[in-house]
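Please read the following report alongside the sequence and the model.

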Amino acid sequence: GKKPRTDNLSTMIMDRKGGVLYAAFPELGSLAIVDARSQRLIKVLGIENFDVEKTNVTPSPGKIVLAFNEKNNRLYVYLPEQQTLNMYDAGTYRLVRSAHVNVRKAEHIMTSNPGKGVLYLGNKVLDAETIEEKASFPYGDRVIAFDNSKNRIYLSGAGRLGPQGMNEKVYEYEDMALKKEWSLSPVISIQSSFAFDFRANRFYAGYFEAAAVEVFDLNAGETPSNSPNNGEGRGREGAGRE
């Protein structure tokens, strides 16, 4: 058989309440569960529904996406190659539910919002207990942050400029209605990463290829052009499509 080429971690998250680390090994289809205080290995968990053969024949490295909800003690594991979301009980490491979720290019961001009882996966809003879809944003966008105190959700999206790069935007929704947008500097092929500081009313966009960080004022967003009430039909041709 083909030898797995894992030489680093796909992703790692922490259950801060329980003091447990979860580290994914994407070509092996497994999770290392570690006590963060003693650094003792608790268990290596084989991920259900993971197809090792299918993952290892793709030209790009395998991916496993993780999120944790400390309120309901659930671990979420998304498998992009299989378009499958697994939900585990973090006390027993038992698979509770599994569901097919297709978010294509936006699948590599998953964020838990225990305060609202939901999980964001790409453009979808899923129930944290049933992992059934409750709502969705424009296809191809991805949730990157939320501010429950103001009932706001932030998403990023990218559209083609041409052979030289992509045009990125960040969108602010309030009560699921599109309120503001920010235009980012163009990127070549890799979408930006983000960090939000709601106390300082700013967010940071990290441009991987340019090795640069840009700062944006959360109070200074532009009024969205097309579709003031929601994100449908914003006119971003090709955004998030293959």
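Leaving aside its neighbours within four places in sequence, which residues is D89 in contact with? The model is a predicted one, in which local features need pLDDT of at least 70 and side-chain atom pairs count only at pLDDT 80 or more, while totals for chains, interfaces and linings use all residues. Residues are numbered from 1 along each chain as its sequence is written, and side-chain values use heavy atoms, with hydrogens and water left out.

**Around D89**

Apart from residues within four places in sequence, D89 is in contact (heavy atoms within 4.5 Å) with N73, R74, R94 and V96. D89 belongs to strand β7, which covers residues 84–89; strands here are DSSP runs of type E with at least two residues, numbered from the N terminus. With a relative accessible area of 17%, D89 is buried, where buried means under 20% relative accessible area, exposed means over 50%, and partly exposed lies in between, for a 1.4 Å probe and protein chains only. The side chain of D89 also reaches two backbone nitrogens: that of G91 lies 2.7 Å from one of its polar atoms, and that of T92 is reached at 3.0 Å.

**A sheet of four strands**

An open sheet has four strands in the order β9-β10-β11-β12, with antiparallel pairing; two strands pair if DSSP finds at least two bridges between them. Its edge strands are β9 and β12 (133–136), each of which pairs on one side only, and the twist averages 20 degrees from one strand to the next, with axes fitted as lines to C-alpha atoms and angles running from 0 to 180 degrees between N-to-C directions.

Strand β10 (residues 118–121) pairs with β9 (residues 110–113) in the antiparallel sense over four bridges, and T111 stands opposite Y120 across this pairing. The hairpin that β9 and β10 form has four residues between the strands, and G117 in its turn has a positive phi of about 70 degrees. On pairing with β11 (residues 124–127), β10 is again antiparallel over four bridges; here L119 stands opposite L126, and the bridge partner of Y120 is V125. The hairpin of β10 and β11 has two residues between the strands, with G122 in the turn at a positive phi of about 60 degrees.

In a regular strand the side chains alternate between the two faces of the sheet. In β10, V118 and Y120 point one way and L119 and L121 the other way, and all of them are buried.

**Charged pairs**

How many salt bridges does a search of the whole structure find? The search finds five, a salt bridge being a side-chain nitrogen of Lys or Arg within 4 Å of a carboxyl oxygen of Asp or Glu.

| Lys or Arg | Asp or Glu | Closest N and O atoms |
|---|---|---|
| K124 | E133 | 3.4 Å |
| R152 | E174 | 3.2 Å |
| K169 | E181 | 2.9 Å |

R152 is buried at a relative accessible area of 19%, while E174 counts as partly exposed at 26%.

**Nonpolar cores**

A nonpolar core is a set of buried Ala, Val, Leu, Ile, Met, Phe, Trp, Tyr and Cys residues joined through side-chain atoms within 4.5 Å. The largest has 18 residues, and those with the most contacts inside it are Y22, L31, I47, I64, L66, L75 and V77. At least two residues of this core come from each of β2 (20–25), β3 (30–35), β5 (65–69) and β6 (74–79). Not counting residues up to four places away in sequence, L66 touches T11, I13, Y22, A24, L31, Y76, V77 and M110. A second, separate core of 16 residues includes I144, A158, F194 and A205.

Key. Polar contact = N/O pair within 3.5 Å; in protein donor to acceptor, adjacent residues only side chain to side chain.
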